[in-house]
2 protein chains.
Amino acid sequence: MTTTRESVTQAGAASPRLHRGSLTKQTIVAAALGILDDHGNPGLTFARLGKELGAAPTAMYRHFPSRDEILLAVADELIGMSIDGYEPSESWMDSLRDLAYRAWHTFAAHPAAATQTFFRVTRGPNELRAVNAILEAIHRAGWTGTEAVFQYHVFSNLVLSTSGTHAARVAVRQESEANGNVEWNQEYYPAHPEDYPYVVAAREDFRTINLFEIYKGQVEAVLSQMARKAQLQIQ
Amino acid sequence: MTTTRESVTQAGAASPRLHRGSLTKQTIVAAALGILDDHGNPGLTFARLGKELGAAPTAMYRHFPSRDEILLAVADELIGMSIDGYEPSESWMDSLRDLAYRAWHTFAAHPAAATQTFFRVTRGPNELRAVNAILEAIHRAGWTGTEAVFQYHVFSNLVLSTSGTHAARVAVRQESEANGNVEWNQEYYPAHPEDYPYVVAAREDFRTINLFEIYKGQVEAVLSQMARKAQLQIQ
DNA sequence: ACCTGAACACCGTTCAAGT
DNA sequence: ACCTGAACACCGTTCAAGT
């Protein structure tokens, strides 16, 4: 922690040069994810990465061409954490439900990282695994061809948008709490309450909402709609 | 355009000091939105705001305490653009459908601004108008109390998450096109195609998907589910 | 809730030089 | 597809000074 001191001239080890290959994509990605978890979104800098890894800030450029590419690698890592351990169940509905909940929980556990990445196409290996797993379940539901890709988008759009937006809100809340604010929720106290009667009447109820319950309801709606339409098509 | 030149000593007007009150929250917000539209997300800086408004970069601090507060004002402006001209239709379903499409199109027209703001609670006047309008339609559908707020979230979550995520993807695409990249879409060419059979089989279909069509389908699913449940409750 | 200019601490990226 | 240190252009924010 208290390494860089210019006390110097003493016994070596002021900054023990890293030996070749001690930095890899994987260690950098892991450090980046940890920094995002601990310091939130503005915390991910080359300086902090260097400190965390005991390397010069610019050493990262040997492994990634830019900060954005590090974020894309973090994005793929997040997808990997979501599907690691996933096994298709016998029921395609259970499979998709499982994948949907995995995404929500991974994003909620890493809100800052999810916020910056959930809308990106990573083209990484884990994204391919996830897309393939979703398409596999949709094929088992009875969909093929263009229809299968349409249903893929209905499902993955809902999962990514909703889980990602939730993560973004959690990240904002954590940041504003760190700054001493608590005013992030939707309890409105308008200056002219008579202009917004429905908002004022609903004020107490806004506090009690569980967003994961709403997500579950939306996932069920999509799955049952998918089942209904698939049966219609088969008949 | 070519104002700041230190040719100086010539006829005055090198930088004609602004008269008091020529800067307002509204002009700053309008300039910020224009900059985001023209230069994308990293383009919104105090320097550019100053240039655009003919003012010193630091003059903004008289009107907003931070860059983030400018973004929140842009967020409320975006909501205002969405609902300006909105009139509740006789049918609550048509009302909600109208509000849903307005959000999508506003966000799609201002992708950079939407990307940074769609998940924020602005507490501004336009947000209040929008929340009130949604709750009003939901009450006409027959919902009250906690149930109404639950349905509010099902609807507004879908609208904001999906439209906002779409805007974020459009913004990424515009940025990568500006940098000469075209690889933003989901046509996958994996190194080991045999590992991802469904992905490879669906490659052509990924190109043809219209995301607004998918959004429309999801909005219809939520509205008809809302209608069904409301009738069950009334009986 | 005025506007400007200098100054500060920080940030991503480049590049010549060291192993 | 090695690691470091100096340098560059930029960025948000603060603050004393000008109207």
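Start with how the two chains meet: 52 residues of chain B touch 52 residues of chain A, where contact means heavy atoms within 4.5 Å. Keep in mind that this is a predicted model, with local features needing pLDDT of at least 70 and side-chain atom pairs counting only at pLDDT 80 or more, while totals for chains, interfaces and linings use all residues. Residues are numbered from 1 along each chain as its sequence is written, chains are lettered from A in the order in which they are written, and side-chain values use heavy atoms, with hydrogens and water left out.

The two chains bury about 5000 Å² between them, 65% of it from carbon and sulfur atoms; buried area is the accessible area (1.4 Å probe) that two parts lose on being put together, summed over both. On the chain B side, B:Arg123, B:Leu128 and B:Tyr198 supply 14% of the area buried against chain A, more than any other three residues.

Now look inside chain B. The axes of helix α1 (residues 25-39) and helix α2 (residues 46-53) of chain B come within 10 Å and cross at roughly 110 degrees. Helices here are DSSP runs (H or I, at least four residues) numbered from the N terminus, and axes are lines fitted to C-alpha atoms over the stretch in contact, with angles running from 0 to 180 degrees between N-to-C directions. So α1(B) and α2(B) are roughly perpendicular, a label for angles of 65 to 115 degrees. Among the residues making this contact are B:Ile28 and B:Ile35 of α1(B), and B:Leu49 and B:Leu53 of α2(B).

Finally, B:Arg97 sits in helix α4 (residues 92-109) of chain B. Leaving aside neighbours within four places in sequence, B:Arg97 contacts B:Glu220 and B:Leu223.

Note on methods: Helices (H or I, at least four residues) and strands (E, at least two) are DSSP runs, numbered from the N terminus. Angles under 35 degrees count as roughly parallel, over 145 as roughly antiparallel, 65 to 115 as roughly perpendicular and the rest as oblique.
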